[in-house]
Amino acid sequence: MSTPTSAPEAPAAKKAPTTVIFPPDQISPVYRRTRVLVRLAVSLIGKLDMVGTENIPATGPAILAPNHRAHVDPPYMSLVSGRQIYYMAKEELFTTNDKFGRFLYKLGAWPVRRGEADRAALRMAVNLLKQGHVVCIFPEGTRSFDDSLLVAEKGFALIAKQTGAPIIPIALEGTHRIWPKGTKRIHRGKVAITIGKPVTAQEILDAHGGGGKEALEVIGRDVMQRIADLFRFSRPTIAVETSSPPAATSKQTLSSSTAAED
């Protein structure tokens, strides 16, 4: 049987633990137990209406690309597949509380430094996908607190383009009512998860004439439109894209935008 490996993370003030990576056909015991607890919690919170799970491949790499509206989005995402899902998450989640940080590493998450080009986080995502894993990346990178979808960040598109892994657009509806902004209490409510058909970055670019210098923006816009089209109970608007600062090149950009939490 294959044995899990450990991927080194960016050094912190003191030595940080490492993300444990299991072979694609195995699941971390911590992840498995946690998902059982999440499933139980979700059943107590309210109804979960999930469709399209057949669109997630049973083997091979995949990028899960859901919209992001609430802290509970990652736990809900763990229920969309029987495979282990790896997450990129903001560095503060790993450093604010040591015990919680170690727990996240054991779940298969890894940190990304926000507000800068974190090449180590980018390489981690690329390596996981090349090894055949499922990686969840919120294209918006941060939570949207209204009915709009934010502009996809270049880091997400760059990972998809470099790996060629299929992108699975996913619409999450209702999670913002489960844990509303500014509250510390979980509320009961219905959550709908709609999983779209896979598409690769190259297929998107081919459909748009190659994309040219704006290839990453083209990929991001296309994926956000696919997510919007999956909404069943409310029609979101898509935020207008603004020009990137001249100093930020596509190969250098991996901001907090690809983090699992804002």
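How many aromatic pairs does a search of the whole structure find? The search turns up two. Keep in mind as you read on that this is a predicted model.

## An aromatic pair

Let's look at one of those pairs, formed by Phe94 and Tyr105. Their rings sit 4.8 Å apart, centre to centre, and the planes make an angle of 55°. That puts the pair in the tilted class, since planes have to be over 60 degrees apart to count as edge-to-face and under 30 to count as stacked.

Where do the two residues come from? Phe94 belongs to helix α3 (residues 92–95) and Tyr105 to helix α4, so the pair ties together parts that are 11 residues apart in sequence.

## The largest pocket

Next, the open space. The largest pocket holds about 670 Å³, and 26 residues line it. If you want to find its centre, look for His71, Pro74, Pro75, Phe100 and Leu104, which lie nearest to it.

Helix α1 supplies the largest share, with seven residues.

Across the whole structure, a search finds one cavity of 30 Å³ or more. The largest cavity has a volume of about 40 Å³.

Which residues surround the largest cavity? Its lining is made up of Phe22, Pro23, Pro24, Gln26, Arg83, Gln84, Tyr86, His133 and Val134. Sorted by class, that gives five nonpolar residues, three polar ones and one charged.

## Two helices side by side

Finally, take a look at helix α5 (residues 119–130) and helix α6 (residues 154–163). They pack at an angle of about 35°, and their axes are 10 Å apart. Is the crossing of α5 and α6 left-handed or right-handed? It is right-handed.

On the α5 side, the residues that make the contact are Leu122, Ala125, Val126 and Leu129. They meet Leu158, Ile159, Gln162 and Thr163 from α6. Six residues of this contact are nonpolar and two are polar, with no charged residue taking part.

Technical notes: Residues are numbered from 1 along each chain as its sequence is written. This is a predicted model: local features need pLDDT of at least 70, side-chain atom pairs count only at pLDDT 80 or more; totals for chains, interfaces and linings use all residues. Side-chain values use heavy atoms; hydrogens and water are left out. On a 1 Å grid over the protein atoms alone, a cavity is a set of points where a 1.4 Å probe fits but cannot get out, and a pocket is an open set with protein on both sides within 12 Å along at least five of seven lines; lining residues have an atom within 4 Å of a point. Grid points are joined across faces, edges and corners, and a volume is the space filled by probe spheres set on the points. Helices (H or I, at least four residues) and strands (E, at least two) are DSSP runs, numbered from the N terminus. Axes are lines fitted to C-alpha atoms, for helices over the stretch in contact, and angles run from 0 to 180 degrees between N-to-C directions. A crossing is left-handed if the near helix is turned anticlockwise from the far one by less than a right angle, and right-handed if clockwise. Contact means heavy atoms within 4.5 Å. Ala, Val, Leu, Ile, Met, Phe, Trp, Tyr, Cys and Pro count as nonpolar, Asp, Glu, Lys and Arg as charged, and the others, Gly among them, as polar. Rings of Phe, Tyr and Trp (its six-membered ring) pair if their centres lie within 6.5 Å; planes under 30 degrees apart count as stacked, over 60 as edge-to-face and the rest as tilted.
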